[in-house]
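Hello,

I am passing on a structure for your files. My notes on its aromatic side chains follow below.

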Amino acid sequence: MAKFVRIISRKDGFRRGGMAHFGKAEHPVDTFTEAQLDALLAEAGKPGGTLFVEVVEKDDRPPDDLIAAIGKLDRANPAHFTKGGKPETKALEDVVERQVTATERDAAWDAFQARAKE
């Protein structure tokens, strides 16, 4: 299990903890320094605050559906892979029919590559 910081911003572009926040997002807890996390939690504790912040634990293993989806992408199709060689999140979303974050994509890509080496 890994710790994540779940943030919901009531005002898009609001800055706290070293980044701008838009809508709902989750970040690995080590994305933030202790001081940045304290600032986020302090903002969330203000009455009528702009941010909702909570630290949650969740399974950090990539879902098998994402790993399988990578195998269905076409390496020759530039819409399926970034110039850096990673799968495009949009292409994965089209296969799994749900939203995919870059963090999820990266974890699935790492797992896909590790399985290919086995």
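Aromatic contacts

Phe-81, Trp-109 and Phe-112 make up one aromatic cluster. This is a predicted model, in which local features need pLDDT of at least 70 and side-chain atom pairs count only at pLDDT 80 or more, while totals for chains, interfaces and linings use all residues. Residues are numbered from 1 along each chain as its sequence is written, and side-chain values use heavy atoms, with hydrogens and water left out.

There are two aromatic pairs in the structure (rings of Phe, Tyr and Trp, the last by its six-membered ring, pair if their centres lie within 6.5 Å; planes under 30 degrees apart count as stacked, over 60 as edge-to-face and the rest as tilted). Phe-81 and Trp-109 are edge-to-face, 6.0 Å centre to centre with 65° between the planes. Phe-81 is in the loop between α2 (64-72) and α3 (89-96) and Trp-109 is in helix α4 (residues 102-117), so this pair ties together parts 28 residues apart in sequence. Helices here are DSSP runs (H or I, at least four residues), numbered from the N terminus.

Trp-109 and Phe-112 are stacked, at 5.8 Å centre to centre and 10° between the planes. The two are three residues apart in helix α4, so about one helical turn separates them.

Phe-81 and Trp-109 are both buried (under 20% relative accessible area; exposed is over 50%, partly exposed in between; 1.4 Å probe, protein chains only). Trp-109 has 8% relative accessibility, whereas Phe-112, at 28%, counts as partly exposed.

Finally, the charged end of Arg-75 sits over the ring of Phe-81, 4.5 Å from its centre (the criterion is NZ of Lys or CZ of Arg within 6 Å of the ring centre and within 35 degrees of the ring normal).

Regards
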